[in-house]
Amino acid sequence: MTADPLLFRSIVSVRSSVPDDAFTAETLGMVREGSGIVIRDDGLVLTIGYLITEAEEIWLTRHDGRVVPAHALAYDQETGFGLVQAFDGLDLPALPFGDAASAKVGDPVVLADGQGRSVQAAIVARQEFAGYWEYLLDEAIFTAPAHPSWGGAALVDAEGRLLGVGSLRLQMSRGGEVADINMAVPVDLLAPILDDLLMRGRVGRPPRPWLGAYSAENNGAVVVMSVSPGGPAAQAGLRRGDVISDIRDEEVDGLADFYRKVWQSGPAGAEIPLRVVRDGRETWLRVKSADRNDFLKRPQLQ
């Protein structure tokens, strides 16, 4: 499988700047670079949301080097998608959508970025993914070999149709060897929320409760790596190294189960009791959850 040179016209480079007082400035940086995919002829660009979260300036660079200013339309916390609208005409064709749900392990794919670089790869897994930042996909797409510039890159099938948006570079152990792989968010997740994102800048449903805890899974145990300063977990006294064993009277079985139990506890603002093991001792903390978006500078809708 070879990449069709024409598909690169629909993929642009994305560069954003974020103010130094932004909530995500320390963790994600004040200058962020990646890629985006033109999905409408009027210059609507789909990217991975962390590139544009709280951005005050966004610049899109076409394949021929022309730079076009743009602005953030929306960032969806649940899928991780971001939408950008070019101020001036990009004059680029939209990349057609494929059927990500039908893509199978072993299928050949291409992961292509906005600078014209591509990696011929294959789908190596389709499975649940839980991210440390309170993020969960029921079925993410994993590909190998990995692209070195994965953020916002276009995952396309053999017919040049968009299957997903590059999000992460990870490692996978197979047969005793460790290989670098990419994780992509399936594009099928966009259609149900696109109208809301375009109209409101966010999905029109109650936001999930957010704790502000960065956690990892260790042999099924959920271990706190850090907490967001000023966030709900920090205010409740959750600390690095704490092991979260229960939510209310239910035992936590891994990171994905932890997130699902938190999100089932009610809308943002719900109080969530956590049983925590700290230095070999158990204690209960009551975390008053929040809407993560309330901590972020929001896109200015035009």
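How many bridges pair strand S10 (residues 154–156) with S11, and in which sense? Three bridges, in the antiparallel sense. The close-ups below start from the barrel that holds both strands.

This is a predicted model, in which local features need pLDDT of at least 70, side-chain atom pairs count only at pLDDT 80 or more, and totals for chains, interfaces and linings use all residues. Residues are numbered from 1 along each chain as its sequence is written, and side-chain values use heavy atoms, with hydrogens and water left out.

**View 1. Six strands close into a barrel.** The order is S7-S8-S9-S12-S11-S10, with antiparallel pairing. From one strand to the next, the twist averages 50°. Strands here are DSSP runs of E with at least two residues, helices are runs of H or I with at least four, and both are numbered from the N terminus. Two strands count as paired if DSSP finds at least two bridges between them.

**View 2. S7 and S8 form a hairpin with five residues between the strands.** S7 spans 108–112, and S8 covers residues 118–131. Five bridges pair them in the antiparallel sense. Leu-111 has Val-119 in S8 as its bridge partner. In this hairpin, Gly-116 takes a positive phi near 85°.

**View 3. S8 and S9 form a hairpin with three residues between them.** S9 takes in residues 135–144 and runs antiparallel to S8, joined by eight bridges. Arg-126 stands opposite Ile-141 in S9. Glu-134 sits in the turn. Its phi is near 65°, a positive value in a residue other than glycine. Glu-134 is buried, with a relative accessible area of 5%. Buried means under 20% relative accessible area, exposed over 50%, and partly exposed in between (1.4 Å probe, protein chains only).

View 4. Glu-54 is buried, at 5% relative accessible area. Gly-89 counts as partly exposed because its relative accessibility is 38%. Its C-alpha atom is separated by 24 Å from that of Val-156, 67 residues apart along the chain. The peptide bond from Ala-144 to Pro-145 is cis, with omega near 0°.

**View 5. The largest pocket has a volume of about 770 Å³.** A pocket is an open set of points on a 1 Å grid over the protein atoms alone, with protein on both sides within 12 Å along at least five of seven lines; a cavity is a set where a 1.4 Å probe fits but cannot get out, and lining residues have an atom within 4 Å of a point. Grid points are joined across faces, edges and corners, and a volume is the space filled by probe spheres set on the points. The lining has 30 residues, with Thr-24, Thr-27, Leu-28, Trp-133 and Tyr-214 nearest the centre. Helix H1 (25–28), strand S11 (162–174) and strand S13 (213–218) each supply at least two lining residues. H1 gives the largest share, three residues. By class, 17 are nonpolar, nine polar and four charged. Ala, Val, Leu, Ile, Met, Phe, Trp, Tyr, Cys and Pro count as nonpolar, Asp, Glu, Lys and Arg as charged, and the others, Gly among them, as polar.

**View 6. The second largest pocket holds about 350 Å³ of space.** It is lined by 18 residues, and Leu-136, Leu-137, Asp-138, Glu-139 and Leu-189 are the closest to its centre. S9 and helix H4 (255–263) each supply at least two lining residues. S9 gives the most, with four. The lining of this second largest pocket has nine nonpolar, one polar and eight charged residues.

**View 7. The structure holds one cavity of 30 Å³ or more.** The largest cavity has a volume of about 260 Å³. Of its 19 lining residues, Gln-77, Glu-78, Pro-207, Arg-208 and Asn-293 lie nearest the centre. The lining of the largest cavity has nine nonpolar, two polar and eight charged residues.

How values were computed. Axes are lines fitted to C-alpha atoms, for helices over the stretch in contact, and angles run from 0 to 180 degrees between N-to-C directions.
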